[in-house]
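User: Please go through some local features of the model below, one question at a time.

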Amino acid sequence: MSFRANHLLGIEPLDRDEITTIIDLADSYAASNRRGNTRRDVLAGMTQINMFFENSTRTQSSFELAGKRLGADVLNMSMQTSSVKKGETLIDTALTLNAMRPDLLVVRHPHSGAVDLLAQKVDCAVLNAGDGKHEHPTQALLDALTIRRAKGRIEGLSVAICGDVTHSRVARSNILLLGKLGNRVRLVGPPTLIPGAFKDMGVEIYDDMRAGLQGADVVMMLRLQRERMDGGFIPSEREYYHRYGLDADKLSAAKTDAIVMHPGPMNRGVEIDGTIADDIHRSVIQAQVEMGVAVRMAAMDLLARNLRARRGSAAADGTMV
């Protein structure tokens, strides 16, 4: 398999083959999970620590379940009540964790770049579960797998990413991944929520929802992240839904077989109409949740293989990893 990375910090450092390797392995895990074959010993004897400096029940639960299905010993650390709140620096935390000799470290942090800093200070494999407005790589990978299973491919599609792009690490990771796999990506939303800098990433930008969804194969809605807003980005939620919320009328501009996605949690009646979200023929939102476990299993499996190989080489050389 073509996967050489020591950590999964973002989509940006990965090449096309590495992305495909994760998705292919995740696809096989998804199939076996559906057959009820959920227990493996791939990570037997390894310790996985989940450190979430931001609350995220969905993502943390998904990583925890993935680790346990692979046979890891999983520890969840509540960073909201940890010594970090008492003044301990991120580097102090990294050094403390490193002394515990974990094998896999899953980190979510409110500041961009924090996960990369941790990865530089520890000897284990680090997975980015979302850092600031930077990246959320496993979300983009699970979205890609969901698209491929629904559409039969993940190349040459027209994908509309709609809503609060400004505050979305999910959007950035998806733009990078979809671009590397040869898709046409459009960003749709009010100018206040789509920074002009995104034009440099090879996307098309629309402030009219119907125009942006015209002929789209995939419609990916984003959560309106009020907690990250420090100004008047939208006039009101009611006005936002009127112009940019996904309803049947706006969705009719997309292809008749277009799928609807949302990374969750959803604000029904703000970003998306509840009827559209629950449409079993168009919505793949529940499939995204299912694919999340499979993708995280695949990512940890691949990183564990590389970690064991490095440790084996270091032992032969008389050094430590």
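**Side-chain contacts and surroundings**

User: In which loop is Asp 103 found?

Analyst: The elements on either side of Asp 103 are H3 and a strand. Helices (H or I, at least four residues) and strands (E, at least two) are DSSP runs, numbered from the N terminus. This is a predicted model, in which local features need pLDDT of at least 70, side-chain atom pairs count only at pLDDT 80 or more, and totals for chains, interfaces and linings use all residues. Residues are numbered from 1 along each chain as its sequence is written, side-chain values use heavy atoms, and hydrogens and water are left out; the loop holding Asp 103 is the one between H3 and strand S3 (104-109).

User: Is Asp 103 buried or exposed?

Analyst: Buried means under 20% relative accessible area, exposed over 50%, and partly exposed in between (1.4 Å probe, protein chains only). The relative accessible area of Asp 103 is 7%, so Asp 103 is buried.

User: Which side chain makes a polar contact with the side chain of Asp 103?

Analyst: A polar contact is a pair of N or O atoms within 3.5 Å; within protein, one must be able to donate a hydrogen and the other to accept it, and residues adjacent in sequence count only if both atoms are side-chain atoms. A polar atom of the Asp 103 side chain lies 2.6 Å from the backbone nitrogen of Thr 47. The side-chain partner, at 2.5 Å, is Arg 311.

User: What kind of aromatic pair do Tyr 240 and Tyr 244 form?

Analyst: Rings of Phe, Tyr and Trp (its six-membered ring) pair if their centres lie within 6.5 Å; planes under 30 degrees apart count as stacked, over 60 as edge-to-face and the rest as tilted. The count by this rule is one aromatic pair. Tyr 240 and Tyr 244 are 5.9 Å apart centre to centre with 40° between the planes, and the pair is tilted.

User: Why are Tyr 240 and Tyr 244 separated by about one helical turn?

Analyst: Both residues are buried: Tyr 240 and Tyr 244. They are separated by about one helical turn because they are four residues apart in helix H8 (residues 237-244).

User: How far from the ring centre of Phe 63 is Arg 296?

Analyst: A charge sits over a ring if NZ of Lys or CZ of Arg is within 6 Å of the ring centre and within 35 degrees of the ring normal. The charged end of Lys 250 sits over the ring of Tyr 241, 5.8 Å from its centre. Arg 296 lies over the face of Phe 63, and its distance from the ring centre is 4.9 Å.
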